[in-house]
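Here is a quick briefing to read alongside the model. Have the viewer open and click along as you go.

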Amino acid sequence: MERRSGLILAIVIWLIGAGVVMMGARTWLPPLASEHGAGIDAMINFTMTATGGLILLGHIVLGLFVWKFSRQDKITFRLAGPRMERRWSLAVALLVAAIAEGGVLVIGLPVWAKVYDTASPANALIIEVTTEQFAWNVRYAGPDGVFGRADPKRYSLDNVLGQDPDDPAGRDDIVDLNMIHVEVNRPVLIRLRSKDVLHGFFLPHLRVKQDSVPGMKIDFWFVPNKTGSFELACAELCGLGHYEMRGVLVVMTPDEFRKWKEEKRNG
Ligand SMILES: [Cu+2]
């Protein structure tokens, strides 16, 4: 009787756990909207499935041993001597590490290499993003394709990016706040800086997450492959107003993008 109720309890707890995980996994990742994101999803899915499976397997074995041997007053069974035990423990640990890390290295590393170590395609749209408490300052080069000079010494309330008014290259630059407009299927190169503290440039739908670091200029690129508006969130606890540091990435068709640029320049 006692044995049976124990078994039922174990099954109920197991079902609750499995149910919660399955429900959560359905809305785990927001719908994908970038090219390289598929590789990141593959890595996350492999790592979670592999480590989840290993944990499950480990617990099933543990449960079986508890079930089988817990009612004995003394040890009646030994698999091997202490040396053998150590060796087998190490073998299992290495196998688990190889399976889990294999996912990161084999599936994840090529994605990393593409985003950070491969030069962005020549047609990439270059966007400067400068973070500060608690906003995203966004700048595009104008029709001349050249960003005007900017210098932190010029930072002021009216000149948040420290632009040099005497530089002709900067006169057609487009500056925006908390909004990033891009073209669908065209590579975007983000040039990320920070004016004050660490912030995190996080586009969950595009599987993009990169910290901005004061004193550093960090380049990375991605290809948005779905039109729409996507949340840009700060992923570093950067101060009291961190929660309101939100922006929007608007992915448009080339026509819409051209029109938007035109309006922005004339407005
Ligand atoms: Cu922030």
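Predicted model: local features only at pLDDT ≥ 70, side-chain atom pairs only at ≥ 80, totals over all residues.

**Rings and charges**

- Lysine 195 puts its charged end over the ring of tyrosine 155, 4.3 Å from the ring's centre.
- Lysine 209 does likewise with phenylalanine 202: its charged end sits over that ring, 4.4 Å from the centre.

**The sheet**

- Five strands make up an open sheet: it has 5 strands in the order S4-S10-S9-S6-S7, and the pairing is mixed.
- At the edges you'll find S4 (179-183) and S7 (208-212); each has a single partner strand, so one side of each is left without a neighbour in the sheet.
- Neighbouring strands of this sheet are turned by 20° against each other on average, direction ignored.
- As a bit of background, strands of a sheet pair through backbone hydrogen bonds, either parallel or antiparallel.
- S9 (residues 228-234) and S10 (residues 246-252) run antiparallel and are joined by 6 bridges.
- If you want a spot to look at, glycine 228 stands opposite valine 251 in S10.
- Helix H4 (residues 254-266) lies across S4 and S10, and runs at about 135° to S4.

**The largest pocket**

- What is its volume? The largest pocket comes out at about 450 Å³.
- Its lining is made of 20 residues, and those nearest the centre are Ile40, Met43, Arg207, Val208 and Lys209.
- Helix H2 (37-69), helix H3 (82-117) and S7 are the elements that give two or more residues to that lining.
- H3 supplies the largest share of the lining, 7 residues.

- Which peptide bond is cis? The one from glutamine 133 to phenylalanine 134, with omega near 0°.
- Phenylalanine 134 belongs to the loop between S1 (125-132) and S2 (135-140).
- Asparagine 185 isn't a glycine, yet has a positive phi of about 65°; look for this residue in the loop between S4 and S5 (188-194).
- Arginine 207 isn't a glycine either, and has a positive phi of about 55°.
- That arginine 207 lies in the loop between S6 (199-203) and S7, and is also among the residues nearest the centre of the largest pocket.

Methods. Residues numbered from 1 in each chain as written. Heavy atoms only, no water. Pairing = 2+ DSSP bridges. Helix = DSSP H or I, 4+ residues; strand = E, 2+ residues; numbered from the N terminus. Axes fitted to C-alpha atoms, helices over the stretch in contact; angles between N-to-C directions. Contact = heavy atoms within 4.5 Å. Lys NZ or Arg CZ within 6 Å of the ring centre and 35° of its normal. 1 Å grid on protein atoms, 1.4 Å probe; cavity = no way out; pocket = protein on both sides within 12 Å on 5 of 7 lines; lining within 4 Å. Points joined across faces, edges and corners; volume = space filled by probe spheres on them.
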